[in-house]
Amino acid sequence: MLIIVAWMLRLAPFGVAVLAMVLVARLGASVTGIFGYYILTICGLVLALTIPLYLLVLLRGRVGFREWAKAVGPVQALAFGSRSSMAALPAEVAAAESLGQ
């Protein structure tokens with residue numbers, strides 16, 4: 001099952017790129033501004049939610065901050081890129097095991 005998820009995650013960016021090209025071809029270049037606004041909004045929201053959590057871990061965490069950040073970095077990248085908690089689950093389990101939880 002995890003092999004299928006890994007392949008889907010590897011191929012997903014190509015599918016998204018093709019869908020974006022079709023959308024631009026149908027609606028014109030004006031849609032790129034909408035995509036830009038969407039990307040900036042999502043990045044802003046992710047930062048607005050991530051920074052307080054990092055501060056919370058820094059102030060109250062029982063695990064060293066660098067160790068924690070090193071363990072959750074790949075999980076956050078996968079979760080942000082795929083926008084799927086199911087796809088990020090194996091990485092989350094591996095990160096928790098690396099921290100001894």
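Because the model is predicted, local features need pLDDT of at least 70 and side-chain atom pairs count only at pLDDT 80 or more, while totals for chains, interfaces and linings use all residues. Residues are numbered from 1 along each chain as its sequence is written, and side-chain values use heavy atoms, with hydrogens and water left out.

The protein has four helices and zero strands. Here helices (H or I, at least four residues) and strands (E, at least two) are DSSP runs, numbered from the N terminus. Read from that end, the order of elements is α-α-α-α. Contact means heavy atoms within 4.5 Å. Among contacts in the protein with a separation of 6 or more, 45% are made by residues 24 or more positions apart. One example of distance in sequence is Ala12 and Gly81, which are 69 residues apart in sequence and 9.7 Å apart in space, C-alpha to C-alpha. Ala12 is in helix H1.

How many of the 101 residues count as buried, in percent? The share is 10%. Buried means under 20% relative accessible area, exposed over 50%, and partly exposed in between (1.4 Å probe, protein chains only). By this scale Ala12, at 37% relative accessibility, counts as partly exposed.

Next come the aromatic rings. A pair of aromatic rings is described by the distance of the centres and the angle of the planes. Rings of Phe, Tyr and Trp (its six-membered ring) pair if their centres lie within 6.5 Å; planes under 30 degrees apart count as stacked, over 60 as edge-to-face and the rest as tilted. The whole structure holds three aromatic pairs. In one of them, the centres of Tyr54 and Phe65 are 5.7 Å apart and the planes stand at 75 degrees, so this pair is edge-to-face. The pair links distant parts of the chain, since Tyr54 is in helix H2 (residues 31-60) and Phe65 in helix H3 (residues 65-82), eleven residues apart. Phe65 also pairs with Trp68, at 6.4 Å centre to centre and 35 degrees between the planes, which is tilted. These two residues are three apart in helix H3, so about one helical turn separates them. Within it, Phe65 is partly exposed at 29% relative accessibility, whereas Trp68 is buried at 17%.

Trp68 also belongs to the largest nonpolar core, together with Val57, Ala71, Val72, Val75, Ala95 and Leu99. A nonpolar core is a set of buried Ala, Val, Leu, Ile, Met, Phe, Trp, Tyr and Cys residues joined through side-chain atoms within 4.5 Å. H3 gives the most to this core, with four residues. Leaving aside neighbours within four places in sequence, Ala71 is in contact with Ala95, Ser98 and Leu99.

Finally, the surface. The accessible surface of the protein (Shrake-Rupley method, 1.4 Å probe; for residues, only the protein chains shown count as cover) comes to about 8100 Å², and 74% of this belongs to carbon and sulfur atoms.
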